[in-house]
Amino acid sequence: MKPWDCTPFYTAHGKTYWDYVDHDLKLGKLGKAIVDAFPHLECIVFDLPHVVTGLQDRGNLRYVGGDMFEDVSVAETPEE
């Protein structure tokens, strides 16, 4: 482990954020961990359709398939 890996996330989960995401995202564990820790939030996991296929919505957690380069509209920003 590198010194910069010793984060609160590592302390809580025993691995780095990137280890958690790289290995467990397909299983939906990151989204589940977020809604379990913050049950008052609505959480949407947006990823490619083949990644979220078969993952079941539950309570305040939804899985949405799409391509962020095609399906997400340009953000509106205030003019300066």
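Residues are numbered from 1 along each chain as its sequence is written, and side-chain values use heavy atoms, with hydrogens and water left out. In this predicted model, local features need pLDDT of at least 70 and side-chain atom pairs count only at pLDDT 80 or more, while totals for chains, interfaces and linings use all residues.

**View 1. Overview of the chain.** Five helices and two strands make up the secondary structure of the chain, in the order α-α-α-β-α-β-α from the N terminus. Helices (H or I, at least four residues) and strands (E, at least two) are DSSP runs, numbered from the N terminus. The chain has 80 residues, of which 22% count as buried; buried means under 20% relative accessible area, exposed over 50%, and partly exposed in between (1.4 Å probe, protein chains only). Among contacts in the chain with a separation of 6 or more, 22% are between residues 24 or more positions apart, a contact being heavy atoms within 4.5 Å.

**View 2. The buried face of helix H3.** Helix H3 spans residues 29–37, and Leu30, Gly31 and Val35 are buried in it. Seen down the axis of H3, these buried residues fall within an arc of 130 degrees, so they line one face of the helix. The arc is that of the directions from the helix axis to the C-beta atoms. An α-helix has 3.6 residues a turn, so residues three or four places apart point the same way.

**View 3. The salt bridge between Arg58 and Asp36.** The closest N and O atoms of this salt bridge are 2.9 Å apart. Arg58 lies in the loop between helix H4 (49–52) and E2, and Asp36 in helix H3, so the pair ties together parts that are 22 residues apart in sequence. Arg58 is partly exposed, at 37% relative accessible area, whereas Asp36 is exposed, at 55%. The count of salt bridges comes to one, under the rule of a side-chain nitrogen of Lys or Arg within 4 Å of a carboxyl oxygen of Asp or Glu.

View 4. Val64 belongs to strand E2 (residues 61–65) and is partly exposed, with a relative accessible area of 24%. Beyond its neighbours within four places in sequence, Val64 contacts Ile44, Val45, Phe46, Asp47 and Val52. Val45 is 19 residues from Val64 in sequence, with a C-alpha to C-alpha distance of 6.1 Å.
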